[in-house]
Every structure is written in C-alpha cells, then in structure tokens.
Amino acid sequence: MEDGTPRAGRARLAEIFRFGLVGGVNTGTFFGCYLLLHPWMPYFAAYSLAFVLSMIGSFFLNTYFTYRTRPTWKKFALFPLTNVTNYLVQSVGLYALVTWAGMDDRIAPLVAAVVAIPFTYVISQRILVPRNTGQAQETAGPGTETDERQPSKLA
C-alpha cells in the first residue's frame, strides 16, 4: 500500500514516531512493574515478571496504536521475536562498541540500544502488519473486510 508519495512518507514517519512512543511507554511500564514487584519477590523474579507484563502491553500497544492492525494469537506468539532481536542486536553492538571500537562501557549500551531500534521496528512490523497479497487489498479502504489494519478482538 506504500505508494512513495509524500503522504505515504508522512504516514511512515508517524508510524515510526508511534513505535518510539510505545517503546518509551514500554520501558516505563517495565521499570515501574519491576519496582512494584521487587519488594515482594526476589529481584530476578520481579525482573522476569515485569519483562513479560511489559511485553504483553507492548504487543497490544503496537498492534492497536502503532500499526493499527488486528491482534491475533499467531502475532502474539511471534511477537517475542522482536525482543529476541532487540537483545541480540544490542548484545552484539555492545560487544563490538566496547571491544573493537574502544567505547566507554557506560555509554556503549545506550548507543547499542539506539542502533537496535530500526531492527526491532522492521521485525515487529513484519510480524504485526499483514502483507498485501493482491490487488483487492491495495484498493481496499478502512472498514472493508480486506483491510486488516482495523482493530478488532484477539482472534
């Protein structure tokens, strides 16, 4: 459906902005949950539960708000791949920045996190946004049966 027009470019930038906003909310949710849970359980259990809760929240925020698509069980099952991708890119980036580039290990995690954002965006978009498979979908508008970018119940 991307047609290369300035309007399509603005729509993509808006989507990327929403993705970044959801990432910020997700980070805050994770940290808030961690701080709330930590007094009641060991730190690693609090970390793990906060991580899962924030990932579930991130899934729904990204489907409904960022990509404006329908959540499905298949997308829900595949969504953790975005976190795996993020972790791998950040880990490799961190190692490369510190070991090979000689960057300060207090700053390198932030740089690696920024480098990981485009990778995470592409993976999440591929998981959450359906690909157009035919001409009928390209001409379909909002509210039509072939337009999967309309929110609905988890199916």
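Is Phe 76 buried, partly exposed or exposed? I looked it up in this predicted model: Phe 76 has 27% relative accessibility, so I put it down as partly exposed.

**Entry: the ring partner**

I went on to Trp 73, which forms an aromatic pair with Phe 76. I noted 5.9 Å from centre to centre and 90° between the planes, which makes the pair edge-to-face. Trp 73 has 53% relative accessibility and therefore counts as exposed, as the cut-off is over 50%. Both residues belong to helix H3 (residues 73-78), and because they are 3 residues apart there, about one helical turn separates them.

How many aromatic pairs does the structure hold? I got 13. I also checked which cluster Trp 73 and Phe 76 belong to, and found them in one aromatic cluster with Phe 59, Phe 60, Tyr 64 and Phe 79.

**Entry: Asn 62**

Next I looked at Asn 62, which is found in helix H2 (residues 43-66). Asn 62 comes out at 3% relative accessibility, so I logged it as buried, the cut-off being under 20%.

What does the side chain of Asn 62 make a polar contact with? I found the side chain of Thr 66, at 2.9 Å.

Then I listed the contacts of Asn 62, leaving aside its neighbours within four places in sequence. Phe 19, Val 22, Tyr 67, Arg 68, Phe 79 and Leu 128 came up.

Methods:
Residues numbered from 1 in each chain as written. Predicted model: local features only at pLDDT ≥ 70, side-chain atom pairs only at ≥ 80, totals over all residues. Heavy atoms only, no water. Phe/Tyr/Trp six-rings, centres within 6.5 Å; stacked < 30°, edge-to-face > 60°. Helix = DSSP H or I, 4+ residues; strand = E, 2+ residues; numbered from the N terminus. Buried < 20%, exposed > 50% of the residue type's maximum accessible area, 1.4 Å probe, protein only. Polar contact = N/O pair within 3.5 Å; in protein donor to acceptor, adjacent residues only side chain to side chain. Contact = heavy atoms within 4.5 Å.
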